Amino acid sequence: MSQLLLRLAKISSSSIVKKKKHHGLCFSELRSLSTAATPYLLFDETDKEATTPSGEAMVDLNVYDPRKDEMVKLPDQTLTKELLTSRKVRSSRGWVLAENEVDSTLRLTNIFNPCASASSRKVISLPPTKYQITTISLSASPEKEDCVVAALSRCSSLIMCRPADSEWTPIMVPMYTSGMIYSERHQKFYLNKKLRGNYNGPVDFVETSSGFPQMSLYQPSLIDPSSDFPFSNIPQSRVELVSTDDDFTMPQHIVESPSGEIFIVYWFSEYGPSHIELKKWAAACAKAALNQSSIRIKPRGFVVFRQDPDQRIKSYTEDIGDLCIFLGSNEAFCVSATEYPGLKPNSIYFASPITGFGFYDLSSNTVHDVINPLPYSRCYNWLAPLQ
């Protein structure tokens, strides 16, 4: 990936563009948010320790624009006190789930998305819950009446609600799960099974009388009881990459393309340090602004399978056309590089506090890291274009 460049953006005459250095990087500074829809990678905001006359906190929002290959700073943005003291849990459809660190209240907001115009920025409160949420998926924009929020907790408990509900509805799932998506094509949620081995129980978990979309285990019959990975369906040249029994270095992701095509993506990383060492590393991150040169685990590559849910066939592929897949602390999503010029077609954009971020070229099986040192961030959410 080329060096990060200063953004020469065309903005309105009422906006100001300034160039500053921060941690050795050149940032674009935009005085007004762009309304152009595009994927962004969200980092922690910079607290300016200043407030507006109405008491709202002033911050600089920090994002990475993969189309321009640059960092963008949006200075002097306002956050409510509740959002300023919240951690960003996950994102879906360009909206961020924020959990307040004081009272654990939950909110959905599009304020962190540069695509949101000033007039469209919203904060939507969700019902309280005793669970610590780790993953969310939205069936639609939370501004729509038919939106359903599905959430997974750290202990794999599944809950659902509509933004206007007063409480969450628990959904019984008899297994550990590693993530989920909402399928526009099938109008239902899909769950990833986390543990290996046979599963002979139900695959649909939502009562039809509940009024919620169905939540289904994704294609359980295609899972190899001994492996969970179809080694026999990949070229011999790729066998070395996938030769691991460590689930920590081989997470599986489900993603749906804009046309409704389903892909299964396996993310392979180098064999990392022990969990104890990782905890020590995480503690160090909390005390110091580490940068990407401090990353402990490097991605080795990605393996993609094209899924035909009707014929129940999973076929290995190194060609997803002009599509780009985005994986991180977000619901996996997919966009067309043709619709967003500047994105690398046939690529997977990845991001996490452990691996850093960059993109993977499927045609050449090559990992491209962002080479400039970047400030450490607890937040690595790819924000999908707002709908």
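# Report on a predicted protein chain

Asparagine 346 is buried, because its relative accessible area of 9% falls under the 20% limit for that class. The residue belongs to a predicted model, in which it occupies the loop between strand S23 and strand S24 (347-352). Its phi angle is positive, at about 55 degrees, although asparagine 346 is not a glycine.

**The chain as a whole**

The chain contains 3 helices and 27 strands. Of its 387 residues, 53% are buried.

**Confidence along the chain**

The mean pLDDT is 79, with 74% of the residues at 70 or more. Among the elements, the lowest mean, 43, belongs to strand S1 (residues 17-22), and the highest, 97, to strand S22 (residues 323-328). Over residues 1-26 pLDDT stays under 50, and the model gives this stretch 66 contacts beyond four places in sequence. Residues 220-225 also remain under 50, with 10 contacts beyond four places in sequence. Where pLDDT is low, the predicted coordinates should not be read in detail.

**The second largest pocket**

The volume of the second largest pocket is about 460 Å³. Its lining consists of 23 residues, and those nearest the centre are Arg93, Glu256, Phe333, Cys334 and Gln387. Three strands, S7 (86-92), S15 (177-183) and S23 (330-336), each contribute at least two residues to this lining. Strand S23 provides the largest share, with 7 residues. Sorted by class, the lining holds 12 nonpolar, 6 polar and 5 charged residues.

**Individual residues**

In the loop between S15 and strand S16 (188-193) lies glutamine 187. Its phi is near 55 degrees, a positive value in a residue other than glycine. Glutamine 187 counts as partly exposed because its relative accessibility is 48%, whereas asparagine 346 is buried.

Two further residues are described by their distance to a partner farther along the chain. Lysine 144 is located in the loop between strand S11 (133-138) and strand S12 (149-153). Its C-alpha atom lies 9.3 Å from that of proline 163, a residue 19 places away in sequence. With a relative accessibility of 48%, lysine 144 counts as partly exposed.

Leucine 241 forms part of helix H2 (residues 239-242). It counts as buried because its relative accessibility is 11%. Leaving aside residues up to four places away in sequence, leucine 241 touches Phe268, Arg300, Gly301, Phe302 and Val303. For phenylalanine 268, which is 27 residues from leucine 241 along the chain, the separation between the C-alpha atoms is 7.4 Å.

The table below gives the accessibility of these residues.

| Residue | Relative accessible area | Class |
|---|---|---|
| Asparagine 346 | 9% | buried |
| Leucine 241 | 11% | buried |
| Lysine 144 | 48% | partly exposed |
| Glutamine 187 | 48% | partly exposed |

Terms used
Residues are numbered from 1 along each chain as its sequence is written. This is a predicted model: local features need pLDDT of at least 70, side-chain atom pairs count only at pLDDT 80 or more; totals for chains, interfaces and linings use all residues. Side-chain values use heavy atoms; hydrogens and water are left out. Helices (H or I, at least four residues) and strands (E, at least two) are DSSP runs, numbered from the N terminus. Buried means under 20% relative accessible area, exposed over 50%, partly exposed in between (1.4 Å probe, protein chains only). pLDDT is the predictor's confidence in each residue, from 0 to 100. Contact means heavy atoms within 4.5 Å. On a 1 Å grid over the protein atoms alone, a cavity is a set of points where a 1.4 Å probe fits but cannot get out, and a pocket is an open set with protein on both sides within 12 Å along at least five of seven lines; lining residues have an atom within 4 Å of a point. Grid points are joined across faces, edges and corners, and a volume is the space filled by probe spheres set on the points. Ala, Val, Leu, Ile, Met, Phe, Trp, Tyr, Cys and Pro count as nonpolar, Asp, Glu, Lys and Arg as charged, and the others, Gly among them, as polar.
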